[in-house]
Amino acid sequence: MEEPNPKQRATRHEAAPARRFVGPVVILVLAFASAVVYAAWPVRRPPGFHVWTFARLHHQIYVPIAEQWNLTHTPKVNLTLLSLPALEQRMLSAFLARTTSAELIEVERRAAARAFVGPLDAVGFVDLTDRIRAEKLDINPASFSPWTARGRIFGLPHDVHPVMLGYRADLVEAAGIDVSRIETWDDFFNVLRPLMDERDEEGLPKHYLLNFWDTPVHGEVVELLILQAGGALFDERGQPTLDRATNAHVLATLVSWRVGPRRVVADAPYFSASGNKLLLEGRVVASFVPDWMCNIWRFEIPQLAGKVKLMPLPAWARGGRRTSVWGGTMLGISRSATDIDGLWTFAKRLYLSRDAAHELYTRGDIITPVRSFWDDPIYDKPDPFFSGQAKGRAYIDLASQVPIRSNSPYGTLAMTEVQNALIALVAYAQRSKRYAADELTGEAARLLGLAQARVAARVARNVFLAAEPLSADVRESTP
Amino acid sequence: MRAAPGVSNSRAAWLLLAPFLVIFAVFYAYPLVRSVLLAFQQTFGPGSSRFVGLGNFRFLLSDSLFWTALWNTIVFTCGSVFIQLPLALGLALLLNRPRVRGRALFRTILFAPALVGVVFVAMMFGVIFEKRTGLLNLFLHQMFGWNLDFPWLETYVMPALILAALWQYVGFNMVYFLAALQNVPAELLEAARIDGAGSWKRFLHVVLPAIRPVGAFVVLLSIIGSFQLFELPYIMLNSTAGAENRGLTVVMYLYQTGFQIGDLGYASTIAWVLAILLIGCAAAMRALWTTEAES
């Protein structure tokens, strides 16, 4: 190929300037045009109220209510089902960036707590305290506690979630054991102990009495037992109280169940196929069952139908509390919403109406927090899955005993610390061969003291919490 | 005559670069600068920010959780570098032998796990490592009378994670080594053989120096990947850090701090410390290679 001579090269160079800008100009025009098209063609939200929920069951219950509402009301309601992590991320992003989210957001306890980290005026939910107080809603008081931050309520409670023990009635009754004699945890283990005499091929007990272990999967169980005993991880000001004597006593007792020659608990992890299999095999006789878990058992372990029954939690001391609480959901109104009154009316329709409460129980086994509906005969209906027990009535009878709990954004951290203290205490018990609760309480207190210091250091860093102490007025007037 | 086209060239270059520069400035440089600022703040969204000076960094120094996370990450990284990579090299050496039958099939089988998503691998190994019902304990119990309640996901979290990562990435790293081995000059190996060098000496003095650049690259990639470990423990341990935080890694702690506790300022501090550590690692390795290359 012939090389162009210098003159030809120069001519080509001189001719180029006009064409040289074609490329950049085309790119810029395309970029500009696509930006204009994109900006002029935004994704339009359908008009009306937008409601986000994370539970399929809730969504199924809400659809007919929303459809009925839409027949007679404007603006209309649009329901969206999101996975919990997606809902949580979208909600927090909207709250932090102060952009638009759904007007009504249904959220569970731990996710809601994340909205309470900053100053109160930056919480993305509308403060409902004055409305709730003014309307004197007949709601179980303890149900408000997880949605309360520094004395202000940011959500309408969906549930109560009392906890009972679900136990293998077939095994217990075949052994001729009468569970009505059980009042305390000591009674529980003493009465059921004969079930541990049966051995498997390895020579180990075929049945352990309670589903509990020192793994994070059982973390919620540790918290519910602490609450049942009258302990707590945080006070009403949001300050950590991990080092309470009651908490140490509970931890020491749990370890006494878990270690040594008189071990009575085994690990059947919640929400897992392996855990369900172990329940079915009877490796654990009893497990902690809040009302919502009845539904999980019903659909995930249908083979248990007619083999299980419920009993109130054994108390820590005679005359003590026979239940606790596990889980929780609220409905909050986003601060970015404009028609707060309309949303409040729909929120009450969704959560506090009789037919919604009816659906919640019949389809989800969950009892409503509205006390005036507790006389409804549906709660007295025998449940064949639970061997014909009137399960709803059993939970309602315990609902007023459900403990109050705070919902700190540091709750997960505190639970992790308590869990780690529990594991360290198990190791200490195994090392020192001290298996009695009394012998372990001192070490439990020491470990919880260290955990308390770590959580307190983290909470103390939060300049927003420190700047907003709880006012006495708010504390006294909170329902 | 020559100056004008030069100036035009320069303008054209800037015009062509402009879209990239704008995108880089908006989506990379600005967030990077903001994240530096964030490391010195406590914040709850742009509306609620307080400058805390070096408070976040001071807290990090005394934060036992951070040090636990760092230690766990280092242990996992060591597992990746000192167990996974030698194994990958061994497999590559084996499958580089022309006499081995079905080499292509073995390569495909070994590489296949790398095509599977981490989330799937984590879920699968979460089930495999279960006590009592898990495949591993059941298999070992059948073969050797192993304890069915062996707590892989409680007490032995790091070995479990290293095993899961080994399964997924050993074939991936093997492919790098295989490519490097195929580029080792055959005449050098032949010359060494004629000079009487045994297979070990040929490996040590011919193969290893020849694949060193690729090896160094794989080591660096492995270190960076290991320091970014998140999905595997997060899913295998059911969104927790495991018993006694045995599965807590630096990135997992960063996520917990930023998105579960909502302390984005402190999370940013952790991210920058991690970045500095990785930059330090890369710089140290580069210095090492340069020195070795010069010598």
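The structure is a predicted model, in which local features need pLDDT of at least 70, side-chain atom pairs count only at pLDDT 80 or more, and totals for chains, interfaces and linings use all residues. Residues are numbered from 1 along each chain as its sequence is written, while chains are lettered from A and ligands numbered from 1 in the order in which they are written. The model scores ipTM 0.73 and pTM 0.82.

**Confidence in chain B**

- Chain B has a mean pLDDT of 90, with 97% of its residues at 70 or more; pLDDT is the predictor's confidence in each residue, from 0 to 100.
- Within chain B, the lowest confidence is in helix 1 (residues 3-38) of chain B, with a mean of 85, and the highest is in helix 7 (residues 157-181) of chain B, at 95.

**Chain A overall**

- Chain A contains 19 helices and 12 strands; helices (H or I, at least four residues) and strands (E, at least two) are DSSP runs, numbered from the N terminus.
- The C-alpha trace of chain A spans about 110 × 65 × 50 Å along its principal axes.
- Of the 479 residues in chain A, 46% are buried. A residue is buried if 20 or more other C-beta atoms lie within 10 Å of its own, exposed if 12 or fewer, and partly exposed in between, with C-beta atoms placed from the backbone.
- Among contacts in chain A with a separation of 6 or more, 75% are between residues 24 or more positions apart. Two residues are in contact if their C-beta atoms, placed from the backbone, lie within 7 Å.

**The five-stranded sheet of chain A**

- Chain A has an open sheet of 5 strands in the order 2-1-3-12-6, with mixed pairing; two strands pair if DSSP finds at least two bridges between them.
- Its edge strands are strand 2 and strand 6 (156-157) of chain A, each of which pairs on one side only.
- Strand 3 (residues 104-108) and strand 12 (residues 329-333) of chain A run antiparallel and are joined by 5 bridges. A:Ile105 has A:Gly332 in strand 12 of chain A as its bridge partner.
- Helix 3 of chain A packs on the sheet and touches strand 1 (49-53), strand 2 and strand 3 of chain A, with its direction at about 170° to that of strand 2 of chain A. Axes are lines fitted to C-alpha atoms, for helices over the stretch in contact, and angles run from 0 to 180 degrees between N-to-C directions.
- Helix 13 (residues 340-352) of chain A also packs on the sheet, touching strand 1, strand 2, strand 3, strand 6 and strand 12 of chain A; its direction makes about 160° with that of strand 12 of chain A.

**Another strand pair in chain A**

- Strand 7 (residues 163-168) and strand 11 of chain A run antiparallel, joined by 5 bridges. A:Leu165 is placed opposite A:Met311 in strand 11 of chain A.
- Strand 11 (residues 308-312) of chain A is largely enclosed by the rest of the structure, because 4 of its 5 residues are buried.

**Helix packing in chain A**

- Helix 10 (residues 245-258) and helix 17 (residues 437-460) of chain A pack at about 125°, their axes 8 Å apart. They are therefore oblique to each other; angles under 35 degrees count as roughly parallel, over 145 as roughly antiparallel, 65 to 115 as roughly perpendicular and the rest as oblique.
- The residues of helix 10 of chain A that meet helix 17 of chain A include A:His249 and A:Leu251, and those on the helix 17 side include A:Leu440 and A:Leu448.
- Helix 3 and helix 14 (residues 354-364) of chain A cross at roughly 145°, and their axes come within 10 Å. Here A:Leu57, A:Gln60, A:Ile61 and A:Ile65 in helix 3 of chain A meet A:Ala356, A:Glu359, A:Leu360, A:Arg363 and A:Gly364 in helix 14 of chain A.

**Contact between the chains**

- In chain A, 36 residues are in contact with 29 residues of chain B.
- On the side of chain A that touches chain B, the largest share, 5 residues, comes from helix 16 of chain A.

**Local backbone features**

- The peptide bond from A:Thr74 to A:Pro75 is cis, with omega near -5°. A:Pro75 lies in the loop between helix 3 (56-72) and strand 2 (77-81) of chain A.
- A:Lys136 has phi near 45°, a positive value in a residue other than glycine. A:Lys136 counts as exposed because it has 8 C-beta neighbours inside 10 Å.
- B:Ser239 has phi near 65°, also positive in a residue other than glycine. B:Ser239 counts as partly exposed, with 14 C-beta neighbours inside 10 Å.
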